[in-house]
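Here is a walk through one structure, taken a few elements at a time. Keep the sequence and the model open side by side.

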Amino acid sequence: MKHLPLARLLRPKTFHEIHGHNYIVDGFKKILFPLKHHTFLLTGSRGLGKTSLARLIAAALLCPHAELKHDPCGLCDICDRIQKGQHPDLVEIDGASKTKVEEIRDIISSSMTLPLESKYKIYLIDEVHMLSMHSFNALLKNLEEPPPHVIFVLATTEFHKIPGTIRSRCLIFQLQAPPAHELVGYLKSFCHNRDIPYEDDVLFAIAQQADGSYRDMLNIVEYSLALTQQRLDDHSLFNYFSILSHTDIHKIIDQILESDTVELKNDILKYFDKGLSADKLMKQLMSWIVEQKDIVQQPLVILYQELSKCYQLLATHPYPQSFVLMSLIRISMVASLKKKLN
Ligand SMILES: [Zn+2]
């Protein structure tokens, strides 16, 4: 049997199965049943599920059972073919490879013909920001007054590159990256459903590593399960991914707040030796602070500000690890931080 990556295997087949994005899903249900608009633009960083959502919009419009529950059934032949990219009335276009104006004109002229099997013909243009200005202009008229059977679903990771004329003709949905605790919740139910032993610390580290992307997270989970023989409680994973555990991050935060500069320096150097990048260390420290239940404590607020300032300068520094090491030592000497947390 062909091996399917976990991220594809767990791709949602109904709106109900989408994790997070509740407002967006509710919004689509209202707009699709009955259909009130013909052009949609989905935007958000990579791995958030834009393509999955776009396919579900297509399924919601084409599945004969969707009207009843305002959700595609996910089980019928039509839903199945849409998920596999095999339905003739769902035309998927990769904006990155179809940038030429002639190609867009071909798409537009094909949209004039009636759907082969269904009521609608749906054009999903992924990475739409890659189109040339001529292609956008060619598309414009069609977006404004599409034939009644045509639906456009555009998706982009770079919203700022979409011309205002295109944006103003679309209903725009901005998908937000979920916070780490939401990804951890998703992973916990994933482990429960499959009887996979786990530790919170390990799940949190995987969620942080994924940086808001469900697809990346499931790829990391798949790799981790292969390394650990189906367990997510194995601390050796921290070494594989060169990331810190919750306990390690807490220790660094304490060292900074208590101005324990010698230990702080030794630990940071040890982590850098193990392959931890300066960027990842800073992200993990900031993310740890944001995840604290009682975040409104003066030392944590000031520490977050100081870390953010350091992070902004990091990208342009020629020696990121030395810069972060020296910055953390300097931050640990900030007088207003020297207060114990509650
Ligand atoms: Zn169906």
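Begin with a pair of helices. Helix 13 passes helix 14 in a left-handed crossing. Lys251, Ile252, Gln255 and Ile256 of helix 13 make the contact, together with Glu263, Leu264 and Asp267 of helix 14. By type, the residues of this contact are 3 nonpolar, 1 polar and 3 charged. The axes of helix 13 and helix 14 (residues 261–273) come within 8 Å and cross at roughly 145 degrees. Bear in mind that the whole model is predicted.

Now go on to a second pair. Helix 15 (residues 278–291) packs with helix 16 (residues 298–314) at an angle of about 155 degrees, and their axes are 10 Å apart. An angle over 145 degrees counts as roughly antiparallel. Helix 15 and helix 16 are therefore roughly antiparallel to each other. Their crossing, too, is described: helix 15 passes helix 16 in a left-handed crossing. Helix 15 brings Ala278, Asp279, Met282, Leu285, Met286 and Ile289 to the contact. Helix 16 brings Leu300, Leu303, Tyr304, Leu307, Ser308, Cys310, Tyr311 and Leu314. These contact residues divide into 12 nonpolar, 1 polar and 1 charged. The spacing of such positions follows a general rule. An α-helix has 3.6 residues a turn, so residues three or four places apart point the same way.

Next, look at helix 10 (residues 200–210). How many of its residues are buried? The count is 9 of 11, so this helix is mostly covered. The buried residues are Val202, Leu203, Phe204, Ala205, Ile206, Ala207, Gln208, Gln209 and Ala210. What covers them includes helix 9 (180–194), helix 11 (214–228) and helix 12 (236–241). Helix 13 (246–257) and helix 15 are also among the covering elements.

Finally, turn to the strands. Strand 2 (residues 90–94) pairs with strand 3 in the parallel sense, over 5 bridges. Within this pairing, Val91 stands opposite Tyr123 in strand 3. Is strand 3 (residues 121–126) enclosed or exposed? Its 6 residues are buried, 6 of 6, so strand 3 is largely enclosed by the rest of the structure. In a regular strand the side chains alternate between the two faces of the sheet. Here, both faces of strand 3 are covered. Lys121, Tyr123 and Ile125 are buried on one side. Ile122, Leu124 and Asp126 are buried on the other.

Note on methods: Residues are numbered from 1 along each chain as its sequence is written. This is a predicted model: local features need pLDDT of at least 70, side-chain atom pairs count only at pLDDT 80 or more; totals for chains, interfaces and linings use all residues. Axes are lines fitted to C-alpha atoms, for helices over the stretch in contact, and angles run from 0 to 180 degrees between N-to-C directions. Helices (H or I, at least four residues) and strands (E, at least two) are DSSP runs, numbered from the N terminus. Angles under 35 degrees count as roughly parallel, over 145 as roughly antiparallel, 65 to 115 as roughly perpendicular and the rest as oblique. A crossing is left-handed if the near helix is turned anticlockwise from the far one by less than a right angle, and right-handed if clockwise. Two residues are in contact if their C-beta atoms, placed from the backbone, lie within 7 Å. Ala, Val, Leu, Ile, Met, Phe, Trp, Tyr, Cys and Pro count as nonpolar, Asp, Glu, Lys and Arg as charged, and the others, Gly among them, as polar. A residue is buried if 20 or more other C-beta atoms lie within 10 Å of its own, exposed if 12 or fewer, and partly exposed in between; C-beta atoms are placed from the backbone. Two strands pair if DSSP finds at least two bridges between them.
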